[in-house]
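Work through the exercises below with the model open beside you. Try each task before reading its solution.

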Amino acid sequence: MTEKLYRVGTIVNTHGIKGELRVIPITDFPKDRFKSGAKLFLKDKTELVVESSRPHKNFVLVKLKGYDNINDVEKFVKSELFANGEEISDLEDGEFLYSQIIGLNVIDKDLGEVGKITEIIELGSNDVWVVKSPKYKEILLPYIDDVIKEVDLENKEVKVEIPDGLID
């Protein structure tokens with residue numbers, strides 16, 4: 001297997017006794033990544049196939065084919081899950097893959113270049129883009145229209161208007 005794998009979740013615990021796993025999704029498309037029949041991989045390239053999944057609080061409960069009780073899946077707790085790039089939905093206008101956003105330069109209309117996006121945190125209402133900056137402490141930018149003005153993938157930059165009080 002030579003295709004690039006993307007981290008899509010972390011198994012944090014088991015759920016019940018029938019082999020379900022509690023997964024924190026780290027993906028743009030949890031519905032696609034954890035749908036029935038989707039292929040997931042462990043760090044050692046072990047292939048796992050999703051039998052079923054369902055949202056539960058801030059987790060996704062995942063049942064794997066061939067693993068039917070808690071004893072079969074306990075060994076996977078604290079493992080990271082990976083997927084290849086094939087299971088992608090069509091993007092709507094204004095939607096991006098995490099891999100497209102991470103690494104982009106952040107440019108504020110008043111402050112100029114402030115840093116690079118290093119991480120995306122999923123929150124209920126909107127995502128937060130984490131910016132590492134040589135001039136400022138870590139900057140947390142909410143992904144809302146008032147702050148994120150333009151995402152320019154071609155030039156690898158994001159134009160923003162950082163509100164007063166968000167940075168030192």
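**Exercise 1. Strand pairing and a cross-strand contact**

In which sense do strand 11 and strand 12 pair, and over how many bridges?

Solution. Some conventions come first. This is a predicted model, where local features need pLDDT of at least 70, side-chain atom pairs count only at pLDDT 80 or more, and totals for chains, interfaces and linings use all residues. Residues are numbered from 1 along each chain as its sequence is written, and side-chain values use heavy atoms, with hydrogens and water left out.

Step 1. Strands (E, at least two residues) and helices (H or I, at least four) are DSSP runs, numbered from the N terminus. Two strands pair if DSSP finds at least two bridges between them.

Step 2. Strand 11 and strand 12 (residues 157-160) pair in the antiparallel sense, over four bridges.

Step 3. Take Glu150. Its bridge partner in strand 12 is Lys159. The two side chains also meet in a salt bridge, at 3.9 Å from N to O. A salt bridge here is a side-chain nitrogen of Lys or Arg within 4 Å of a carboxyl oxygen of Asp or Glu.

Step 4. Lys159 forms a salt bridge with Glu157 too, with the closest N and O atoms 3.0 Å apart.

Step 5. Check the cover. Buried means under 20% relative accessible area, exposed over 50%, and partly exposed in between (1.4 Å probe, protein chains only). Glu157 has 17%, so Glu157 is buried. Glu150 has 37% and is partly exposed. Lys159 has 32% and is partly exposed.

**Exercise 2. Aromatic pairs**

How many aromatic pairs does a search of the whole structure find? Classify each one.

Solution. Step 1. The search finds two. Rings of Phe, Tyr and Trp (its six-membered ring) pair if their centres lie within 6.5 Å; planes under 30 degrees apart count as stacked, over 60 as edge-to-face and the rest as tilted.

Step 1. Tyr67 and Phe76 are 5.2 Å apart, centre to centre, with 75° between the planes. That pair is edge-to-face. Both Tyr67 and Phe76 are buried.

Step 2. The ring centres of Trp129 and Tyr143 lie 4.7 Å apart, and their planes make 15°, so this pair is stacked. It links distant parts of the chain, 14 residues apart: Trp129 is in strand 9, and Tyr143 is in the loop between strand 10 and strand 11.

Step 3. Compare the cover. Trp129 is buried at 3% relative accessibility. Tyr143 is partly exposed at 28%.

**Exercise 3. Strand 6 and its partner**

Is strand 6 mostly covered or mostly open? Trace its pairing with strand 1.

Solution. Step 1. Strand 6 (residues 80-84) is mostly covered, with four of its five residues buried.

Step 1. Strand 1 (residues 5-15) and strand 6 run antiparallel and are joined by five bridges.

Step 2. Thr10 stands opposite Glu80 of strand 6. Glu80 also belongs to a network of salt bridges with Arg7 and Lys43.

**Exercise 4. Salt bridges across the structure**

How many salt bridges does the structure hold? Describe the one between Asp68 and Lys63.

Solution. Step 1. The structure holds nine.

Step 1. In the Asp68–Lys63 bridge, the closest N and O atoms are 2.7 Å apart.

Step 2. Lys63 is buried, with a relative accessible area of 9%. Asp68 is partly exposed at 49%.
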